[in-house]
Amino acid sequence: MRALLPLLRTSWAWPVGSAAAVAAAARLPRGASAGPGPRRTMALYRTEERGQPHSPDYRLFFKNVAGHYISPFHDIPLKVDSEEENGIPTKRARNDEYENVFNMVVEVPRWTNAKMEIATKEPLNPIKQDVKDGKLRYVANIFPHKGYIWNYGALPQVLSRGEVVHVKILGVLALIDQGETDWKLIAINVNDPEASKFHDIEDVKKYKPGYLEATLNWFRFYKIPEGKPENQFAFNGEFKNKAFALEVIKSTHECWKALLMDKCDGGAINCTNVQVCDSPFHCSEEEARSLVESVSFSLNKGSNEEDQVWHFLGK
């Protein structure tokens with residue numbers, strides 16, 4: 001399940017080896033306050049690059065505050081300030097404001113082209129660049145949009161190069177990808193100066209007119225430069241509201257819990273984790289370190305192959 005932050009400010013830098021504010025890599029403290037209003041949190045998650053950027057070997061691994069390697073997919077909590085038992089979140093009484101604050105791992109910074117994603121089929125699920133037919137994947141520039149038009153990432157513990165941010169969920173779009181529903185969450189960073197104005201999908205329409213239309217068009221057309229047809233959507237391309245989105249997250253999170261407890265067939269998904277103690281896929285910190293150290297550490301900077309070609313689609 002992917003999350004979009006179309007309203008997120010992009011004023012931060014992306015230092016090498018640091019936790020970057022993107023959907024899946026850096027997680028916030030388990031005991032952090034999730035109260036209303038802007039909140040600043042300590043960077044309790046760090047990242048470590050291995051391999052050469054813009055190459056099939058590049059990987060971005062995650063560490064917790066103690067310096068131990070973790071999985072951004074399985075070991076970062078879904079909810080901010082969630083209580084857990086043996087690594088599995090438990091319910092607690094919360095008001096609506098608290099219930100709607102989630103951790104998001106950013107995989108792709110806004111305005112970039114490289115298709116980065118959490119490697120769900122690899123141990124510890126590092127972020128890597130997607131490869132198809134032996135070639136690294138880049139999203140095309142379709143005028144007037146440069147690369148991804150939002151910070152793009154994932155919620156952990158659901159069916160996702162950087163820092164984990166707190167977000168409020170506002171709605172969801174249902175993209176149909178190869179016959180399956182690919183949910184695209186619409187969210188806003190709780191530290192955004194305008195976050196207090198946004199509570200549901202109607203607020204996006206009210207305060208950011210044109211943004212949802214641009215999002216729909218981006219997903220509809222972004223594969224056309226590859227020679228593929230327009231993408232299709234469920235619900236006739238209607239953005240569903242926050243309540244609908246929260247139910248989708250809840251259902252998908254239950255599937256994740258069953259997966260980590262080996263109660264369903266996850267196919268090729270790698271469930272290796274460090275913090276879900278009761279999971280049969282749990283590994284020790286030493287085992288996690290050995291997995292990471294088996295990956296090349298070369299950090300020679302390759303050429304930036306971001307797509308600079310522009311595509312103009314006729315009507």
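Is Pro77 buried or exposed? In this predicted model, Pro77 is buried, because its relative accessible area is 2% and the cut-off for buried is under 20%. You will find Pro77 in the loop that runs between β4 (69-70) and β5 (83-85). If you look for Met104, you can see how the fold places it relative to Pro77: the two are 27 residues apart along the chain, and 9.6 Å separates their C-alpha atoms.

Now step back to the whole chain. It has five helices and 17 strands. Of its 315 residues, 54% count as buried. The chain exposes about 14,300 Å², and carbon and sulfur atoms supply 50% of that area.

Let's go inside next. In soluble globular proteins, nonpolar side chains tend to be buried together. Here, the largest nonpolar core has 44 residues, and those with the most contacts inside it are Tyr148, Trp150, Trp218, Phe219 and Phe239. Both strands and helices give two or more residues to this core, including β3 (59-63), β14 (165-177), β15 (180-189), α2 (201-207) and α4 (242-260). The largest share, five residues, comes from α3. Apart from this core lies another, of 18 residues, with Phe102, Val158, Ala187 and Ile249 among them.

Leaving aside neighbours within four places in sequence, Tyr148 is in contact with Val108, Arg110, Trp111, Thr112, Asn113, Ala114, Lys115, Val139 and Trp218. One of these partners, Lys115, deserves a visit of its own.

Where is Lys115 found? It is in the loop between β7 (101-108) and β8 (116-118). Lys115 counts as buried because its relative accessible area, 17%, falls under the 20% cut-off. Its side chain is joined to that of Glu117 by a polar contact of 3.4 Å. With neighbours within four places in sequence left aside, the residues in contact with Lys115 are Lys128, Gln129, Asp130, Arg137, Tyr138 and Tyr148.

Which residues make a nonpolar surface patch of about 380 Å²? They are Phe143, Trp310 and Phe312. Phe312 sits in the segment after β17 (310-311). With a relative accessibility of 61%, Phe312 counts as exposed, because the cut-off for that class is over 50%. So the tour that began at Pro77, buried at 2%, ends at Phe312, exposed at 61%.

Definitions and conventions
Residues are numbered from 1 along each chain as its sequence is written. This is a predicted model: local features need pLDDT of at least 70, side-chain atom pairs count only at pLDDT 80 or more; totals for chains, interfaces and linings use all residues. Side-chain values use heavy atoms; hydrogens and water are left out. Helices (H or I, at least four residues) and strands (E, at least two) are DSSP runs, numbered from the N terminus. Buried means under 20% relative accessible area, exposed over 50%, partly exposed in between (1.4 Å probe, protein chains only). A polar contact is a pair of N or O atoms within 3.5 Å; within protein, one must be able to donate a hydrogen and the other to accept it, and residues adjacent in sequence count only if both atoms are side-chain atoms. Contact means heavy atoms within 4.5 Å. Patches are made of residues with over 30% relative accessible area and no salt bridge: like charges are joined within 9 Å, nonpolar side chains (Val, Leu, Ile, Met, Phe, Trp, Tyr) within 5 Å. Accessible areas come from the Shrake-Rupley method with a 1.4 Å probe; for residues, only the protein chains shown count as cover. A salt bridge is a side-chain nitrogen of Lys or Arg within 4 Å of a carboxyl oxygen of Asp or Glu. A nonpolar core is a set of buried Ala, Val, Leu, Ile, Met, Phe, Trp, Tyr and Cys residues joined through side-chain atoms within 4.5 Å.
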